[in-house]
Amino acid sequence: MRADDKEPLARVAFRGALYWQRWLLTKEPGLHEEARVVSGLEFAREAGDWKEADMLLAHADGSSALAGLPFVDHWKALVAQHLPEQVSDEHELEETFQEFRRHPSEEAAESVRRCATAIAPLGSPVPVHSLLARVAMDLGQTEEAEFHLAALVVCRPLWIPYVVQLAEHQARLDLPRALRTIEDARRLFGPDFWLPL
């Protein structure tokens, strides 16, 4: 994706890989812990998600095996350098989105898109695609909304609400496709995957 000049999509893939590392840390505690934290931090950097990197460092600080290792201090310095910019960018994106919610128009939507486009090659893809999906849904731009919802499923592969949102959106236009999405989710999560919602 990077070779094809698609940095924002590369960040989506890295964010999905980061999700799997965090999932493995919780599901198999202590197993390959250092390697998973290090690769998770690298994926967080590549995804531009310094909030997730900060959470991984909190995990490292709480681990008797990892606390105080040299790589932890190195990554703490990187997070301290980059996290404020991510927070600021996401705050600006949220403000433009709230303006769109207050005064929905194509002009306000374009402001959200411009802001999202500016941070997509630099920051976390989760807030970018979350807000762009909501704008597209509000404007009835179904294909664009589906693209952003699918990107969110890649960012957080086992997060059921994103799968449900994608299937609900697909059901408005293509019921067989939505049913295939639900069947895929049932195979992955179990037959009652939607009940915890």
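**Arg177 and the fold around it**

Student: What does Arg177 touch, leaving out residues up to four places away in sequence?

Tutor: Arg177 touches Glu146 and Gln170, where contact means heavy atoms within 4.5 Å. This is a predicted model, in which local features need pLDDT of at least 70, side-chain atom pairs count only at pLDDT 80 or more, and totals for chains, interfaces and linings use all residues. Residues are numbered from 1 along each chain as its sequence is written, and side-chain values use heavy atoms, with hydrogens and water left out.

Student: Why is Arg177 called partly exposed?

Tutor: Its relative accessibility is 37%. Buried means under 20% relative accessible area and exposed over 50%, with partly exposed in between (1.4 Å probe, protein chains only), so Arg177 counts as partly exposed.

Student: Which helix holds Arg177?

Tutor: Arg177 lies in helix α9, residues 175–189. The protein has 9 helices and 0 strands; helices (H or I, at least four residues) and strands (E, at least two) are DSSP runs, numbered from the N terminus.

Student: What makes the radius of gyration agree with a compact globule?

Tutor: The rule is 2.2 Å times the number of residues to the power 0.38, and the radius is taken over C-alpha atoms. For 197 residues a compact globule would have a value near 16 Å; the protein has 18 Å, which agrees.

Student: How much of the protein counts as buried?

Tutor: Of its 197 residues, 42% count as buried.

Student: What share of contacts with a separation of 6 or more joins residues 24 or more positions apart?

Tutor: Such residues account for 59% of those contacts.
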